[in-house]
Amino acid sequence: MVSAPGFCYLSPEGQGLKMFPGVMTMDVDPELTEKLRKFRFRKETDNAAIIMKVDKDRQMVVLEEEFQNISPDELKMELPERQPRFVVYSYKYVHTDGRVSYPLCFIFSSPVGCKPEQQMMYAGSKNRLVQTAELTKVFEIRTTDDLTEAWLQEKLSFFR
């Protein structure tokens, strides 16, 4: 675990600023790192996802669940509505000119209403996980309802 300098935030209860001694950056479980490496080079052409969570006791980002042949709508049903999660999603994307690609998307689900401490643990660990997985298509959702096929296609349309 790595800590960054402390920062303040305005509490949701309106009680002023709260100070956290540091932003926690969790390590990535070595088994998850290997799974992400293999996932990156998978040969299958269906949609697939790896959902990850922070294990506070182990102070690591760990695998929560893996899915094969899962649509964006099915994937959003697997995400908790009040807890953050990280997702690496292999998606079959048909470009406007008819080409097909299989981008790996990193989706940070940080729902409104989750505990500030949780949000900070996840936010502090996001960049390390993105670097470990070597991903460039990084997106964030604030509610699981945002994760739709149309939303994902709109986000991916910026990458040619």
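Is Tyr 102 buried, partly exposed or exposed? Tyr 102 is partly exposed, with a relative accessible area of 35%. The close-ups below start from there.

A quick note before we zoom in: this is a predicted model, where local features need pLDDT of at least 70, side-chain atom pairs count only at pLDDT 80 or more, and totals for chains, interfaces and linings use all residues. Residues are numbered from 1 along each chain as its sequence is written, and side-chain values use heavy atoms, with hydrogens and water left out.

**View 1. Tyr 102 belongs to a nonpolar patch on the surface.** You'll find Tyr 102 in the loop between strand E10 (100-101) and strand E11. Helices (H or I, at least four residues) and strands (E, at least two) are DSSP runs, numbered from the N terminus. Tyr 102 teams up with Val 94 and Val 100, and together they have about 250 Å² of accessible area. Those areas come from the Shrake-Rupley method with a 1.4 Å probe, and for residues, only the protein chains shown count as cover. A patch is made of residues with over 30% relative accessible area and no salt bridge; like charges are joined within 9 Å, and nonpolar side chains (Val, Leu, Ile, Met, Phe, Trp, Tyr) within 5 Å.

**View 2. Helix H4 (residues 149-156) has the buried residues Trp 151, Leu 152 and Leu 156.** Seen down the helix axis, the buried residues of H4 fall within an arc of 125 degrees, so they line one face of the helix. That arc is taken from the directions from the helix axis to the C-beta atoms. Buried means under 20% relative accessible area, exposed over 50%, and partly exposed in between (1.4 Å probe, protein chains only). What covers these residues includes helix H2 (72-78) and strands E8 (85-90), E9 (93-94), E11 (104-109) and E12 (137-141).

**View 3. Glu 66 and Lys 35 meet in a salt bridge (3.1 Å, N to O).** A salt bridge is a side-chain nitrogen of Lys or Arg within 4 Å of a carboxyl oxygen of Asp or Glu. This pair links distant parts of the chain, with Lys 35 in helix H1 (residues 30-40) and Glu 66 in strand E7, 31 residues apart. Both partners are partly exposed: Lys 35 has 28% relative accessibility, and Glu 66 has 34%. Look around Glu 66 and you'll see that it touches Lys 35, Ala 49 and Ile 50, not counting residues up to four places away in sequence. Touching here means heavy atoms within 4.5 Å. Glu 66 and Ala 48 are 18 residues apart in sequence, but 7.7 Å apart in space, C-alpha to C-alpha.

View 4. Asp 73 is partly exposed at 40% relative accessible area, whereas Lys 76 is buried at 18%. Elsewhere, salt bridges that share partners join Glu 34, Arg 37 and Lys 38 into one network.

**View 5. Glu 44 forms a salt bridge with Arg 42.** The closest N and O atoms of this pair are 3.8 Å apart. Glu 44 is partly exposed, at 46% relative accessibility, while Arg 42 is buried, at 16%. Counted by the salt-bridge rule, the total comes to 11.
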